[in-house]
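Student: I have a model on screen. Can we work through it, one question at a time?

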Amino acid sequence: MFILDVLNIIKNLAIILAAAKLCGLLVRKIHGPQVVGEIVAGLIVGPCLLNIVQYDDFIAGMSEIGVILLMFAAGLGTDLKELLKTGPVAFLIALAGVVVSIVGGAGIYLAFGFGSPDAKMLEAVFMGTILAATSVSITVQALKEMGRLKGRAATTILSAAVIDDVIGIVLLTVVIGFKDPDVKPLSVCINIVVFFVLAIVVGVAFYYLFKWFDKLWPHSRRIPIFGLVLCFLCAYCAEEFFGIADITGAYVAGIILCSIKDSHYIERKMDVSSYMIFGPVFFASIGLQTSFDDFNISMLLFSVVLVVVALITKVAGCGGTARLCRFNNTDSLKIGVGMMNRGEVGLIVAKKGLDVGLMSPEFFTPVIILIIVSSLVTPVLLKMVYSKWPGTDSAEEDGTDNSSVAQPELLSQEVVGATYNITEDQFKDDNKS
């Protein structure tokens with residue numbers, strides 16, 4: 001039985017990786033982000049169409065590692081000074097996006113007349129909570145493909161998305177608290193504050209530890225390995241001990257190491273695993289979770305309205321607040337579009353609601369549709385906005401060139417499997433043990 005399971009895993013990985021690569025190439029031919037192709041690949045090979053790959057615990061685990069690595073790399077590529085400068089503004093943007101999304105989600109739920117008589121308002125607020133959750137992983141990948149991961153607008157998107165997750169956790173706990181009296185929202189808030197205080201204190205210690213590693217083993221593979229250990233530890237501790245999403249812990253780990261000398265080297269090594277296997281599995285897994293069994297006209301209409309409201313509320317809430325915070329019109333639009341995506345965060349919130357009875361099973365498919373559509377639309381719109389109004393968030397400004405992500409057939413990508421070109425000296429350095 002064990003052998004059969006292993007063979008099935010190998011078969012599924014082969015199908016997912018082949019489909020993700022082929023669909024990614026096709027989407028790139030029409031000048032779209034490859035991540036869109038990877039999501040479409042999941043739709044094609046999953047229950048939605050061919051049904052030759054099933055979403056199981058193994059795929060779920062692989063996809064979780066994929067998004068953790070992606071957020072770790074995003075943290076590594078962050079400009080810490082810019083992050084600190086945009087922090088207060090990012091909080092206002094995230095808060096506005098959450099509030100507007102909750103109002104929009106609750107409004108359409110009540111307008112359709114759904115919900116049980118005794119808990120209609122609570123269920124409506126929970127639907128708004130699902131819409132409030134932002135998933136930044138696909139936005140990060142799209143920005144990396146365009147070489148726009150740094151700069152004021154991109155950094156604000158990343159900061160606001162992390163803050164959005166924290167607000168979402170508190171909000172989810174409060175809503176569940178009204179359903180389950182055993183949940184204590186005050187305790188959750190205290191845990192979140194303790195986590196970020198410890199993250200600062202412990203982060204400083206790890207920063208100096210890795211600076212010492214840089215002097216002891218300059219540009220060797222030991223540093224990325226220990227960096228990955230820190231990433232997994234932060235992800236684990238964040239969720240296990242503080243109830244915060246593991247991707248937030250991974251992003252914090254990246255922030256801790258983003259200012260050391262070898263941060264780009266660590267990021268390049270992380271991209272080897274992420275680009276080759278974990279990333280495609282994560283993005284394809286979104287499509288694998290989609291099924292339209294027992295889907296009726298009423299749910300279809302609700303799904304369409306839900307998607308439209310979800311996209312508009314983030315653009316209006318986050319983009320509008322960015323404009324009030326003196327971002328120009330184009331950067332405000334970039335921030336609003338960058339915050340539109342819902343992914344694993346929305347899925348987690350929906351599953352929590354199912355577990356405690358705040359959401360009926362038939363509403364899970366509209367949530368999946370929202371995740372799929374927002375995952376497809378966000379990178380496309382981001383590319384359109386950045387192409388028309390490049391602004392200052394350019395690859396040249398931040399000193400990196402990630403254009404090779406969009407051209408993975410380059411020899412440099414084949415040698416490294418990452419997003420950076422390498423020199424002969426770097427290749428020799430990479431072989432240090």
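Tutor: Contact means heavy atoms within 4.5 Å. Keep in mind that this is a predicted model.

Student: With that cut-off, which residues does Asp164 contact, leaving aside its neighbours within four places in sequence?
Tutor: Asp164 has its place in helix α7. Beyond its neighbours within four places in sequence, its contacts are Ala94, Val98, Ala132, Ala133, Thr134, Lys314 and Met339.

Student: What is the C-alpha separation of Asp164 and Phe91?
Tutor: Along the chain, Asp164 and Phe91 are 73 residues apart.

Student: Is Asp164 buried or exposed?
Tutor: Buried means under 20% relative accessible area. Asp164 has a relative accessible area of 1%. Asp164 is therefore buried.

Student: Which residue meets Asp164 in a salt bridge?
Tutor: The N to O distance is 2.9 Å. The pair links distant parts of the chain, 150 residues apart: helix α7 (residues 152–179) holds Asp164, and helix α12 (residues 297–324) holds the partner, Lys314.

Student: How many salt bridges does a search of the whole structure find?
Tutor: One of them joins Asp271 and Lys144, with the closest N and O atoms 2.9 Å apart. Asp271 lies in helix α11 (residues 263–288) and Lys144 in helix α6 (residues 137–146), 127 residues apart. Both Asp271 and Lys144 are buried. For the whole structure, the search finds three.

Student: Why are Lys334 and Asp331 separated by about one helical turn?
Tutor: These two side chains meet in a salt bridge, at 3.5 Å from N to O. Both residues are buried. Lys334 and Asp331 are separated by about one helical turn because they are three residues apart in helix α13 (residues 329–338).

Student: How are α3 and α10 arranged relative to each other, roughly parallel or roughly antiparallel?
Tutor: Helix α3 (residues 57–76) packs against helix α10 (residues 246–257) with axes 7 Å apart and an angle of about 30°. Angles under 35 degrees count as roughly parallel. So α3 and α10 are roughly parallel.

Student: Is the crossing of α3 and α10 left-handed or right-handed?
Tutor: Residues of α3 that make the contact include Glu64, Val67 and Phe72, and those of α10 include Asp246, Tyr251 and Leu257. The crossing of α3 and α10 is right-handed.

Student: What is the phi of His219?
Tutor: Most residues other than glycine have a negative phi. His219 sits in the loop between α8 (185–216) and α9 (222–242). At 15% relative accessibility, His219 counts as buried. His219 is not a glycine, yet its phi is positive, about 55°.

Student: Is Arg326 buried or exposed?
Tutor: Arg326 is in the loop between α12 and α13. Its phi is also positive, near 75°. Exposed means over 50% relative accessible area. Arg326 has 76% relative accessibility, so it counts as exposed.

Student: What share of the protein's residues count as buried?
Tutor: The protein has 17 helices and zero strands. It exposes about 18,800 Å², with carbon and sulfur atoms supplying 68% of that area. Of its 433 residues, the share that count as buried is 54%.

Conventions. Residues are numbered from 1 along each chain as its sequence is written. This is a predicted model: local features need pLDDT of at least 70, side-chain atom pairs count only at pLDDT 80 or more; totals for chains, interfaces and linings use all residues. Side-chain values use heavy atoms; hydrogens and water are left out. Helices (H or I, at least four residues) and strands (E, at least two) are DSSP runs, numbered from the N terminus. Buried means under 20% relative accessible area, exposed over 50%, partly exposed in between (1.4 Å probe, protein chains only). Accessible areas come from the Shrake-Rupley method with a 1.4 Å probe; for residues, only the protein chains shown count as cover. A salt bridge is a side-chain nitrogen of Lys or Arg within 4 Å of a carboxyl oxygen of Asp or Glu. Axes are lines fitted to C-alpha atoms, for helices over the stretch in contact, and angles run from 0 to 180 degrees between N-to-C directions. Angles under 35 degrees count as roughly parallel, over 145 as roughly antiparallel, 65 to 115 as roughly perpendicular and the rest as oblique. A crossing is left-handed if the near helix is turned anticlockwise from the far one by less than a right angle, and right-handed if clockwise.
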